[in-house]
Amino acid sequence: KKLGVALVGLGYYSTDLLAPALQLTNNCELRGIVTGSPEKIPVWKEKYGIADKNVYNYKNFDTIANNPDIDVVYVVLPPSMHAEYTIRAAKAGKHVWCEKPMAPTVADCEAMIKACKDNKVKLAIGYRCQHDPNIQAYMKVGKERPFGKVRMVTSAAGYFDGRTNHWKQNKKLGGGVMGDMGVYALQGARLATGEEPISVMAQASTTRPEIYHEVEETMMFQLEFPSGARASCQTSFGINMNHLQVNYEKGWLKMEPHSSYNGNNGSMSDGTIIKFSIPNQQAKQMDEDALAIMEKTDLIVPGEEGLRDIRVVEAIYKSAAQNCVVKL
Ligand code: NAD
């Protein structure tokens, strides 16, 4: 038996990554779509054989409650819309997968977690990397400490985005690089240490104020962890970069890239190579999340993990705005 998935929001990530990955999954399949763009409906129906009764718009979405074909609603909208659609899906009795960043505020994330708990449905955040054995490899080093404690993490995630008038540049829609690529830089530090930061210091900047006037193009942030480990992180919509370096008491680990869709790889100071190959990261993510739902086991990335990041993201914005260290 496979779980039926409905994608909400048929933009880039749904179209180019998730729908194709859902053709490769064993535990779930694409059965429904929710869209505000009627012109997309015939294209998706033809390409993926989606039944008329499984096509929704944003207004009639709540009637999905009566549709036994759909087990999981996957929210792939701009971040400011994640909370509303997660809560509506939970109230409709559907399990929810929600894209990162979970939501713009801690309050939104907490409301999403509560709605899913109250309605007895599972909530997973689309952190595909945590399903990738290459990322799991460096998480394990942080836990098992073969090189002693983590002393310093350097983590960067960014790409050059040439678009204008996109939600990523719009504050109201949840734009800004920190919630977007920034969570990969932040996850690099959190996952490598296995700890939660206790203080942050951040600085926002832009080289293209004509495009990035509501939100930052670049964010640099420093984190302090309870063990004394420190992290120096960078994220940008203006710079192509994707690397992670962890310096331990007695060694190091380097990854480049560390948060790509494929090809994440690295090495350690003892000569260990990290280079697992997986057929499709998003298919693995969705299959593992579907299995956890079917077998009632713990999700790899539950809502609480999305919330942990947003707590730090909020502190980073506060630090950048007030130009001061913010304690967590
Ligand atoms: P996109 O702009 O390509 O698509 C967004 C979709 O939302 C579009 O179909 C658009 O029509 C719809 N939409 C509905 N209301 C809208 C509004 N008011 N303004 C703008 N669009 C509106 O964006 P995307 O790149 O597909 O990103 C969607 C989500 O997926 C985001 O949360 C993003 O962070 C996430 N994402 C995750 C990954 C990943 O690797 N996990 C990669 C890319 C995107």
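This is a predicted model: local features need pLDDT of at least 70, side-chain atom pairs count only at pLDDT 80 or more; totals for chains, interfaces and linings use all residues.
Colleague: Why is Lys318 called partly exposed?

Modeller: Lys318 has a relative accessible area of 44%. As for where Lys318 sits, that's helix 9, residues 303–322. Ala202 is 8.4 Å from Lys318, C-alpha to C-alpha, though the two are 116 residues apart in sequence.

Colleague: What makes strand 2 and strand 3 a pair?

Modeller: A pair needs at least two bridges. Strand 2, residues 28–34, and strand 3 have two bridges, in the parallel sense, so they count as paired. On strand 3, Tyr56 is the bridge partner of Val34.

Colleague: And what is the order of the strands in the open sheet?

Modeller: Six strands, in the order 3-2-1-4-5-6, with parallel pairing. Strand 3 (55–56) and strand 6 (123–125) are the edge strands, as each pairs on one side only. Helix 8, residues 281–295, lies across strands 1, 2, 4, 5 and 6, running at about 155 degrees to strand 5.

Colleague: How many cavities of 30 Å³ or more turn up in the whole structure?

Modeller: One. The largest cavity has a volume of about 60 Å³. Helix 7 gives the largest share of its lining, four residues, and helix 5 (133–144) supplies at least two.

Colleague: How do you know which class the lining residues fall into?

Modeller: Take three from the lining: Tyr127, Ile135 and Gly188 are among them. Tyr and Ile count as nonpolar, while Gly counts as polar. Overall, the lining has six nonpolar, four polar and no charged residues.

How values were computed:
Residues are numbered from 1 along each chain as its sequence is written. Side-chain values use heavy atoms; hydrogens and water are left out. Contact means heavy atoms within 4.5 Å. Axes are lines fitted to C-alpha atoms, for helices over the stretch in contact, and angles run from 0 to 180 degrees between N-to-C directions. Buried means under 20% relative accessible area, exposed over 50%, partly exposed in between (1.4 Å probe, protein chains only). On a 1 Å grid over the protein atoms alone, a cavity is a set of points where a 1.4 Å probe fits but cannot get out, and a pocket is an open set with protein on both sides within 12 Å along at least five of seven lines; lining residues have an atom within 4 Å of a point. Grid points are joined across faces, edges and corners, and a volume is the space filled by probe spheres set on the points.
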